[in-house]
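Visitor: I have a model open and want to learn how to read it. Where do we start?

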Amino acid sequence: MSEADKPQSAQPAFTAPRHVAIIMDGNGRWAAARGLPRAEGHRRGVEALRRTIRSAGEIGIKIITIFSFSAENWSRPASEIGELMGLLRRFIRNDLAELHKSNVRVRIIGERDGLDPDIARLLTEAEELTKDNSGLTLVVAFNYGARQEIARAARRIAEEVAAGRMATADIGLETIGRFLDAPDLPDPDLIIRTSGEQRLSNFLLWQSAYSELVFVPTNWPDFDRATLEAAISEYQQRERRFGGLVAKTGS
Ligand code: IPE
Ligand code: IPE
Ligand code: MG
């Protein structure tokens, strides 16, 4: 096949940011606009997620973190929570083998205690099966809240101090980072939120200190490679200064 005949989707248009995090929002509004139940919006959201994972790999993103269920989402009606849990179960059961075959490494952040045992088991299975994969890292933020994550870190650090393994004077920025849920991962370069809302909703508060934020009007079920590339293009126009004077080019 000649270069020109190769499918467009296989050719990244630019150097991608290393770590992109996405707040997948607007499933309910997508459904309401079509007179459909919210659950249908969530189902279509899973398809958008599949597309996005594929696109992220093709574009050359190394790590993609997705906000799939927040610690605060438990306040939704039981029926909707049931739908969301069902979708997660089905996503792992149906897609895990394919993700593994695509060399994707799955990581989970968020509170595991208190989850349904079968869900906790599926999350562990996804991590275990894919732990040696070297392709795209897919970080699923599930039952995740950033304040809760920081509180967990604080508790564990306090335990270290109480046990005499750490001195309070040694607790610094690096220490906090080390006790978060995925301490080895770099902070997100870019955080995208769909649906037009412009807030973080308790997502990656520590890690987003110097992330670039891009808000797109698209509801999550309509998100695709073009939307992702447009958000990355916007990111690449930004000057990242990290408090200094010299801008670092987005990459
Ligand atoms: C995102 O869509 C999915 C989750 C938060 C689990 P929403 O369900 O928040 O949809 P809207 O914001 O009500 O449109
Ligand atoms: C944030 O969206 C959580 C996820 C995308 C999983 P929400 O829809 O729950 O956020 P708020 O309530 O509008 O801030
Ligand atoms: Mg929402």
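Visitor: Which residues surround ligand 2?

Guide: A residue is near a molecule if one of its heavy atoms lies within 4 Å of it. By that cut-off, ligand 2 is surrounded by Ile23, Met24, Asp25, Phe67, Ser68, Phe69, Ser70, Asn73, Arg76, Arg193, Arg199 and Ser201. This is a predicted model: local features need pLDDT of at least 70, side-chain atom pairs count only at pLDDT 80 or more, while totals for chains, interfaces and linings use all residues. Residues are numbered from 1 along each chain as its sequence is written, chains are lettered from A and ligands numbered from 1 in the order in which they are written, and side-chain values use heavy atoms, with hydrogens and water left out.

Visitor: What is 2.9 Å from an oxygen atom of ligand 2?

Guide: Look for polar contacts, pairs of N or O atoms within 3.5 Å. An N or O atom in the side chain of Asn73 lies 2.9 Å from an oxygen atom of ligand 2. For the side chain of Arg76 the distance is 3.2 Å. For that of Arg193 it is 3.2 Å. On its own, ligand 2 has 390 Å² of accessible area (Shrake-Rupley method, 1.4 Å probe). The protein covers 77% of that.

Visitor: How many residues surround ligand 1?

Guide: Ligand 1 has 13 around it, the closest being Asp25, Gly28, Arg29, Arg38 and Arg76. An N or O atom in the Asp25 side chain is 2.9 Å from a ligand 1 oxygen. A polar backbone atom of Gly28 is 2.9 Å from an oxygen of ligand 1. For the Arg76 side chain, the distance to a ligand 1 oxygen is 2.7 Å. Taken alone, ligand 1 exposes 380 Å², and the protein buries 86% of that.

Visitor: With which residue does Asp25 form a salt bridge?

Guide: Side chains of opposite charge can pair when their charged atoms come close. The test is a side-chain nitrogen of Lys or Arg within 4 Å of a carboxyl oxygen of Asp or Glu. Asp25 pairs with Arg193, closest N and O atoms 2.8 Å apart. Asp25 sits in the loop between strand 1 (19-23) and helix 1 (27-32), and Arg193 is in strand 5 (residues 190-193), 168 residues apart. Helices (H or I, at least four residues) and strands (E, at least two) are DSSP runs, numbered from the N terminus. The whole structure holds 27 salt bridges.

Visitor: What is the strand order in the open sheet?

Guide: Strands pair if DSSP finds at least two bridges between them. Here six strands run 3-4-2-1-5-6, with parallel pairing. Strand 3 (105-109) and strand 6 (212-215) are at the edges with a single partner strand each, so one side of each lacks a neighbour in the sheet.

Visitor: How many bridges join strand 2 and strand 4?

Guide: Strand 2 (residues 63-70) and strand 4 (residues 137-144) pair over seven bridges, in the parallel sense. Phe67 stands opposite Ala141 in strand 4.

How values were computed:
Polar contact = N/O pair within 3.5 Å; in protein donor to acceptor, adjacent residues only side chain to side chain.
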